[in-house]
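Here are my notes on the model, in numbered points. Please read them with the coordinates open.

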Amino acid sequence: MDRALRQFLAIAEAGSITAAARVLNVTQPTLTVNMQKLEKEVGLPLLRRTSEGVRLTPYGESLCENVRMMQRIYDNALISLREQRERSEEGIALACGDTWWTLFIHDVVKAYRIDHPTAPVRVNVADQIQCMEQLLSGDISLFVSFRFDGLRATAGAQFIPLSQSPPGYFVRPDHPLLGVPRNRSEIFSYPRAFPATPENRYRAFINEAERLETIASAFVASRFAFASNSLTACIDYVRDSDAVLHFTKLMSAEIGRRGLLEVEQAEPPVARTMGIYLLADRAGDAKIADLVDRIKLAARSVLPKLAPVSNSA
């Protein structure tokens, strides 16, 4: 908005040129000259001096009312532009599985919304394969998942490890495996339920020569009974059968709340590494780097400390 009009509005609100000059951080003579120029420009007297300061003439009151309206329109326009800029510059898009959303990604999004209340946030809850496809197609900036064993270098994805996820095995409350510690051969003798769907598309990302274990090979080697991309569906199936839900121990409390019990393991569990995938050529992007830092901070509060372990199972 025009500077002279802003100064006129400041005088009207302050009640004197001296007070307005202090607010505007200009000299009183400068303000007086500018008001004289404004009156000359509109061709009407706007201010009259009194012993108590300055008062608006009827013309000044009319102009003041319109200037206030102009100021509100101008301020609203600036707010709208700032929000538009934030929406375009600060919005984020990421993906993860149900586990990581439940454990800490939800907190990341909540904190981000506080810092950027108008920025759009898109979170795709998907399996590992879908997350990688969305990353490579540019639909998301990053995703959180288990590490792809033997990922092809040509995929262009960079992995940042966050923690290890030990395997857990969950059954219905009256299952025969409960009561005493069980070794893996005993657990694996029962049908398995997996909260993931094996898909041939997985192999598009994998170097078979370097692969340690994939979702597909895990299904082939097991007494596979049930698979779904829904953890709830898997739990419902296990509750009504002898099947064992194979999932991360990190979700033990949540799965327990849904009615399953964890089988005590007689052997030390072999953990899988989980972390953040992003495109290597975008690792230096300031917005993505900020999001990575937020995820690291949130993960530290709920996940086991990262330590070098084997990823084979």
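1. Arg294 sits in helix 11, residues 286–300. Helices here are DSSP runs of H or I with at least four residues, strands are runs of E with at least two, and both are numbered from the N terminus. Arg294 has 18% relative accessibility and therefore counts as buried. The classes are: buried, under 20% relative accessible area; exposed, over 50%; partly exposed, in between (1.4 Å probe, protein chains only). Leaving aside neighbours within four places in sequence, Arg294 contacts Val108, Ala111, Tyr112, Asp115 and His116. A contact means heavy atoms within 4.5 Å.

2. Basis of the values. This is a predicted model, in which local features need pLDDT of at least 70 and side-chain atom pairs count only at pLDDT 80 or more, while totals for chains, interfaces and linings use all residues. Residues are numbered from 1 along each chain as its sequence is written, and side-chain values use heavy atoms, with hydrogens and water left out.

3. The chain as a whole. The chain has 11 helices and 12 strands. Of its 313 residues, 42% are buried. Take the contacts between residues at least 6 apart in sequence: 75% of them join residues at least 24 apart. The chain exposes about 16600 Å², and carbon and sulfur atoms supply 52% of that area. Accessible areas come from the Shrake-Rupley method with a 1.4 Å probe; for residues, only the protein chains shown count as cover.

4. How many salt bridges does the structure hold? The count is 12. The criterion is a side-chain nitrogen of Lys or Arg within 4 Å of a carboxyl oxygen of Asp or Glu. Side chains of opposite charge can pair when their charged atoms come close. Arg68 is partly exposed at 34% relative accessibility. Glu13, at 54%, counts as exposed.

5. Lys249 with Glu262. Their side chains meet in a salt bridge of 2.5 Å, N to O. Lys249 lies in the loop between strand 10 (244–248) and helix 10 (252–257), and Glu262 lies in strand 11 (residues 261–262), so the bridge ties together parts that are 13 residues apart in sequence. Lys249 is partly exposed, with 29% relative accessibility. Glu262 is also partly exposed, at 29%.

6. Asp285 is partly exposed, with a relative accessible area of 28%. Arg282 is partly exposed too, at 32%. Elsewhere, salt bridges that share partners join Asp115, Asp290 and Arg294 into one network.

7. Cysteines. How many disulfides does a search of the whole structure find? The search returns 0. A disulfide would need a pair of cysteine sulfur atoms within 2.5 Å. Cys96 is buried, with a relative accessible area of 0%. Cys64 counts as buried at 2%.

8. Asn124. Asn124 belongs to strand 4, residues 121–125. Not counting residues up to four places away in sequence, Asn124 touches Leu94, Ala95, Cys96, Gln134 and Ile140. The side chains of Asn124 and Gln134 are joined by a polar contact of 3.1 Å. The term covers a pair of N or O atoms within 3.5 Å; within protein, one must be able to donate a hydrogen and the other to accept it, and residues adjacent in sequence count only if both atoms are side-chain atoms. The C-alpha atoms of Asn124 and Trp101 are separated by 9.8 Å, and the two residues are 23 apart along the chain.

9. Asn25. Check the backbone here. Asn25 is not a glycine, although its phi is positive, at about 60°. Asn25 is in the loop between helix 2 (17–24) and helix 3. Asn25 is exposed, with a relative accessible area of 70%.
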